[in-house]
Amino acid sequence: MSLRDNWHFDKPTTLPGNDLTRHNEEGTSVFLISTMEMEQEKMNLSKELSPDSASYNCSACHGDETWSYNHPIRGRAKSRSLSASPALGSTKEFREDPLSPWAVPGDNVWTKGLRAAEPTDHHVHIQDPASQRLTWNKSPKSVLVIKKIRDASLLQPFKELCIYLMEENNMIVYVEKKVLEDPAIVSDENFGPVKKKFCTFREDYDDISNQIDFIICLGGDGTLLYASSLFQGSVPPVMAFHLGSLGFLTPFNFENFQSQVNQVIEGNAAVILRSRLKVRVVKEPRDKKTAIHNGLSENGLDTEGGKQAMQYQVLNEVVIDRGPSSYLSNVDVYLDGHLITTVQGDGVIVSTPTGSTAYAAAAGASMVHPNVPAIMVTPICPHSLSFRPIVVPAGVELKIMLSPEARNTAWVSFDGRKRQEIRHGDSISITTSCYPLPSICVCDPVSDWFESLAQCLHWNVRKKQAHFPEDEEDQDEEDS
């Protein structure tokens, strides 16, 4: 039984009812939503659905995930869970999911959840996103520590943290093998006994996805993006310490790390689920020697058409640009199979709400809170005065291809990595992933986000306007 089987996300509810459970290869997870309104929704979906066999496939996952009602829960309950405080008020209130208006969390999975039928009084209650909490059914035993490479200033914090986790909390600590190959760590004799206790892994070679209870990042925002790239499926909760340059996604300060880590281990922490993008790149067959870039590939090749297919999980953004060419980028953008526009400019950014404060913000997009279920489409220097950034629903599928009239190829990157060339006939399909990244908060999702806007981006910083002197105010009143 893997460690991944020891945890889950759950939510308390205000009304009794049937459990909505998810099934995967490892067995069924735990309950997701339990309300009497769900019964009414089942009746509305299909007259053929019965309490014993009702199920449907998630269209956002293209049928990868199956959900059903009233199925016996099998396997162990997972040791970490996400809880939301129960809604207050009448039992007739319509209970929106606290994570988003459309998402249902379970076993680290987001999908297009069933929405309960709206009651006749049209009274809607939406829970506060700050009510999301991380709790543990069982004490966590393993932690992955991600450290920014080639940064001497992080060596001491890294050593202090690892010693604390191993000796004070008796935890199994995983680190990347190249971290321990740092000359400063190799030459430190005092750290030698601790170093022997590490469990190591190599990126692209070792799969640790079922071995980790939670993750601790030391560095800047890049360490969080790197942590996301290591988990192409479910992601454990991430605690990110601000030891880099910007730190928009790393809210914790390292000065009092012991008490903060203890709070997480004890389950006293708020969590925000940061949606990710599932990106599928399909390429026309050309040279047999073409390198296959790392991603969650589907056996490398699509057996139906002999095309090369690769899949990625993206936390910030997918960037399609003109690369080294001096010509305009010319790409067609499809939404659910319909051509909506052609981008003529330096390129286009498709981002998550988390990525809306990164490259997209620099390109003129609105900054969107991570709890909002959406995908942002932002042009990069478009050769048009009317091309404004847009926001589309999270459940749609975007498809981007080179226009037939394009004079040159395009290039695509995923969170700034795995950069590759896109030619005529290739396609990039993007939709919201079923696997979000659970990010642990210092206070709560709302407070942390506005604090980052103020501290990192200096949002709306301006010298305050001076008020009128009292004598001038009195004169104005007399004149009026």
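Predicted model: local features only at pLDDT ≥ 70, side-chain atom pairs only at ≥ 80, totals over all residues.
Residues are numbered from 1 along each chain as its sequence is written, and side-chain values use heavy atoms, leaving out hydrogens and water.

**View A. Strand 25 and its pairing with strands 18 and 26.** Strands (E, at least two residues) and helices (H or I, at least four) are DSSP runs numbered from the N terminus; two strands pair if DSSP finds at least two bridges between them. Strand 18 (residues 317-321) pairs with strand 25 in the antiparallel sense over four bridges, and Val319 stands opposite Ser413. Strand 26 (residues 417-422) also pairs with strand 25 in the antiparallel sense over four bridges, with Ala410 opposite Ile422.

**View B. The hairpin of strand 25 and strand 26.** Two residues lie between the strands, and Asp415 takes a positive phi near 55°.

**View C. The largest nonpolar core.** A nonpolar core is a set of buried Ala, Val, Leu, Ile, Met, Phe, Trp, Tyr and Cys residues joined through side-chain atoms within 4.5 Å. This core has 35 residues, and Phe158, Phe198, Ile216 and Val261 have the most contacts inside it. Helix 2 (residues 155-168) gives the most to this core, with seven residues. A second, separate core of 29 residues includes Val281, Val333, Leu398 and Ala410.

Key
Buried < 20%, exposed > 50% of the residue type's maximum accessible area, 1.4 Å probe, protein only.
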